[in-house]
Amino acid sequence: MDARQVALLTLCACERQGGWSDGVLKKQLAQAGLDSRDAALATQLCFGVVQNRILLDFYISKFSNIPIKRMESKVIQALRLALYQMLFLTRIPHSAAVNSAVELTRESCKNPRAAGMVNGILRALERNLDQLPLIDQGDPVTYLSTLYSHPAWLVELWLKQLGREETAALLAANNSAPPITAQVNTCRISTPALLARLSEQGVDAQLHPWLPDCLILRDTGSIEALDSFKQGLFHIQDAASRIAVAAAGVKPGMRVLDACAAPGGKSFSLSLDMENSGEIISCDLHPHKKKLIQAGAERLGFSVITPLTADAGQFRPEWQDGFDLVVADVPCSGLGVIRKKPDIRYKAPEPLADLPEVQLRILQNVANYVRPGGALLYSTCTLLERENKAVVTQFLADNPRFCLEAFTLPEPIGTAEEGMVTLWPHRHNTDGFFFAKLRRQA
């Protein structure tokens, strides 16, 4: 099995089962046993098609007599894969992209005419790559939605919030590859020493441009296979999530509750800021995720973390007024991590409407656990204001004993006088992320 076959099977499985492409791809790669180079190509093909699906379908529809909705899944995925290679991957000859798509169709489709149809459509596209049909720019929603393959409802929302130029920049950033950010485990090794260690292992590691004790990694291969990772010298965490923990301002010896902790990144960063001294209760609703947190804490050597299975929305009287800091990284629409999970953009918007109610319920509940004078950190990995500032505003209206507290972080963030910050992929090269720091009156 080669990279294109793995990509085709992944895309078809995601469409059929409704799974996330990153998870499905991981399973397919494990079964196929591809080397690192082919695995990287399969990943690029799979993510590239998902990131550009609306645009690819726009062009395919202009050269096909059969509507895309009537095509067999493997046919349309083979077409998308080939066209993506022709439009975006300059190192792959167009003929190779076309021939492989035709062969994939012939091997996987029962209809004997399917391969000929795929060949005809792709040859026509190949001949017209320099003069493809133009996207109508009259309607900015339709134009940006098609060009950057984001659903119209999401484009319309961001246009109202950001304007046309910045919305285009955000959509383009969502279709880019995110940096791999590593947090140095300063309880075990210094940043310069880890840089030297990674260099010896052939990893290109550079200091993060504005986040202390964080590195940007390239040419890693399998991160889990690196000796430095196995020895717990770092953990992978996006800069946005790490800087949110920094805003909390924890100190050694504190008692902290991480109410929605899995897979554990914030708990690990809290452990670092607390110098592995104090207590962190790390909770998640799902029992199997408790094991993930435990495994990560053991690898990193953090003895302060106690993983628990708990529902952040259900009150536990034994925790009343019991913590110096409570972190509520609540379930959200995830629309800030489209770079990492490109298929999130295609979520139906209707089920997302109830999320602010769920988020507010969790926030109201875990606020009970903050001691007088303690802090509450609310965060999401989305860019929708109704899940961010609107939730915090409603919480404050209902809970006058809490108020927002200003904090100062490294540039380009600086001082957040309002006590709230939104990080944007196109502005900060981080996940899209929101966090707010609240202080309970003593």
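The model is predicted: local features need pLDDT of at least 70 and side-chain atom pairs count only at pLDDT 80 or more, while totals for chains, interfaces and linings use all residues. Residues are numbered from 1 along each chain as its sequence is written, and side-chain values use heavy atoms, with hydrogens and water left out.

Ser-64 sits in the loop between helix 4 (53-62) and helix 5 (73-88); helices (H or I, at least four residues) and strands (E, at least two) are DSSP runs numbered from the N terminus. Ser-64 is buried, at 13% relative accessible area; buried means under 20%, exposed over 50% and partly exposed in between, with a 1.4 Å probe and protein chains only. Apart from neighbours within four places in sequence, Ser-64 is in contact (heavy atoms within 4.5 Å) with Met-71 and Ile-121.

## Helix 4

Leu-55, Leu-56, Asp-57, Phe-58, Tyr-59 and Ile-60 are the buried residues of helix 4. They pack against helix 3 (36-51), helix 5, helix 7 (114-127) and helix 8 (140-148).

Tyr-59, in helix 4, has a relative accessible area of 11% and is buried. Not counting residues up to four places away in sequence, Tyr-59 touches Leu-83, Leu-87, Leu-125, Leu-132 and Pro-133. Tyr-59 and Leu-134 are 75 residues apart in sequence, with a C-alpha to C-alpha separation of 9.3 Å.

## Aromatic pairs and charges over rings

Eleven aromatic pairs occur in the structure; rings of Phe, Tyr and Trp (its six-membered ring) pair if their centres lie within 6.5 Å, and planes under 30 degrees apart count as stacked, over 60 as edge-to-face and the rest as tilted. Phe-407 and Phe-435 form a stacked pair, because their ring centres are 5.7 Å apart and their planes are at 25°. This pair links distant parts of the chain, with Phe-407 in strand 11 (residues 407-408) and Phe-435 in strand 14 (residues 433-440), 28 residues apart. Phe-407 is buried at 7% relative accessible area, and Phe-435 is buried at 0%.

Phe-315, Trp-319, Phe-323 and Tyr-369 are linked by ring pairs into a cluster.

## Asp-329

Asp-329 belongs to strand 8 (residues 323-329). Its side chain makes polar contacts with the side chains of Lys-266, at 2.9 Å, and Ser-379, at 2.7 Å. With neighbours within four places in sequence left aside, Asp-329 is in contact with Cys-260, Lys-266, Ser-379, Thr-380 and Phe-433.

## Pocket and cavity

The second largest pocket holds about 330 Å³ of space. On a 1 Å grid over the protein atoms alone, a cavity is a set of points where a 1.4 Å probe fits but cannot get out, and a pocket is an open set with protein on both sides within 12 Å along at least five of seven lines; lining residues have an atom within 4 Å of a point. Grid points are joined across faces, edges and corners, and a volume is the space filled by probe spheres set on the points. Of the 17 residues lining the second largest pocket, Met-420, Val-421, Thr-422, Trp-424 and Phe-434 lie nearest its centre. Strand 13 gives the most to this lining, with four residues.

There is one cavity of 30 Å³ or more. The largest cavity has about 50 Å³ of space, and its lining includes Arg-316, Trp-319 and Tyr-369.

## Backbone geometry

Most residues other than glycine have a negative phi, and most peptide bonds are trans. The bond from Ala-262 to Pro-263 is cis, with omega near 5°, and Pro-263 is in the loop between strand 5 (255-258) and helix 14 (265-273). The bond from Glu-411 to Pro-412 is also cis, with omega near 15°.

Asp-219 has a positive phi near 55° and is exposed, at 63% relative accessible area. Asp-321 has a positive phi of about 55° and is partly exposed, at 33%.

Methods:
A polar contact is a pair of N or O atoms within 3.5 Å; within protein, one must be able to donate a hydrogen and the other to accept it, and residues adjacent in sequence count only if both atoms are side-chain atoms.
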